[in-house]
Amino acid sequence: QGMHALHYACGNQAAPSVIRVLLESAPSAAKAADPAGMLPAHYLAKWGPSSLSALDTLLAAHPDAVTSKAEGGITALDMAKEGDYPEREEVIEALEGLLNKGKAKPAARGAPRLEPGTPKPSSALPRPSGPPSTPTGGRPPGRA
């Protein structure tokens with residue numbers, strides 16, 4: 001119902017290898033918006049990556065995700081700014097680099113450089129949990 005496994009993986013700090021496998025099996029999922037217009041990049045930026053290479057893997061698959069806007073004009077950068085996780089500042093720096101410098105400083109050493117876009121700040125949306133048709137915004141079962 002509008003969400004792919006990649007949305008859930010990105011909203012639950014999946015390992016880069018999981019994100020890579022999901023992208024290999026469904027490359028279009030990186031560009032797929034959920035019912036609120038959020039891409040997997042929005043989820044990863046809001047809830048944080050398991051490692052910074054997860055961000056690089058996702059953005060390499062869909063560099064334009066950094067400028068994509070969900071309902072209300074919310075970008076992945078907006079989500080990252082409202083996030084609360086250890087890599088938050090590095091994620092913000094990587095996303096801002098994509099938007100402001102024409103070439104981003106990769107979040108992880110050795111990651112590909114990506115093209116920029118133009119942001120329009122707003123506020124954040126909830127994390128995925130529950131069945132795809134009813135995201136609740138709460139932490140999924142089994143998460144602390």
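## A loop residue with positive phi

Q13 lies in the loop between α1 and α2; helices are DSSP runs of H or I with at least four residues, strands are runs of E with at least two, and both are numbered from the N terminus. The model is a predicted one, in which local features need pLDDT of at least 70 and side-chain atom pairs count only at pLDDT 80 or more, while totals for chains, interfaces and linings use all residues. Residues are numbered from 1 along each chain as its sequence is written, and side-chain values use heavy atoms, with hydrogens and water left out.

Although Q13 is not a glycine, its phi is positive, at about 55°. Most residues other than glycine have a negative phi. With a relative accessible area of 29%, Q13 is partly exposed; buried denotes under 20% relative accessible area, exposed over 50%, and partly exposed the range in between, using a 1.4 Å probe and protein chains only.

## Overall architecture

The protein has six helices and zero strands, so that the order from the N terminus is α-α-α-α-α-α. Buried residues make up 49% of its 144 residues. The accessible surface comes to about 6800 Å², and carbon and sulfur atoms account for 53% of that area; the areas come from the Shrake-Rupley method with a 1.4 Å probe, and for residues only the protein chains shown count as cover.

Contacts are defined by heavy atoms within 4.5 Å. Among those between residues at least 6 apart in sequence, 66% join residues at least 24 apart.

## Helix α3

Helix α3 spans residues 40–47 and is mostly covered, with eight of its eight residues buried. These are P40, A41, H42, Y43, L44, A45, K46 and W47. They pack against α1 (5–11), α2 (16–25), α4 (52–61), α5 (76–82) and α6 (88–100).

The charged end of K46 sits over the ring of W47, 5.6 Å from the ring centre; this term requires NZ of Lys or CZ of Arg within 6 Å of the ring centre and within 35 degrees of the ring normal. Just after α3, G48 adopts a positive phi of about 90°.

The buried residues P16, I19, L22 and L23 are found in α2. Because they cover an arc of only 125° around the axis, they lie on the same side of α2; the arc is that of the directions from the helix axis to the C-beta atoms. Their cover includes α1, α3 and α4. On the face turned away from this buried side, α2 carries the exposed residues V21, E24 and S25.

A36 is located in the loop between α2 and α3. A36 counts as buried because its relative accessibility is 18%.

## The nonpolar core

A nonpolar core is a set of buried Ala, Val, Leu, Ile, Met, Phe, Trp, Tyr and Cys residues joined through side-chain atoms within 4.5 Å. The largest one holds 37 residues, of which L6, I19 and L95 touch the most other members. Each of α1, α2, α3, α4, α5 and α6 supplies at least two residues, and α6 gives the most, with six.

Leaving aside residues up to four places away in sequence, L95 touches A45, L59, V66, A76, L77 and A80. In soluble globular proteins, nonpolar side chains tend to be buried together.
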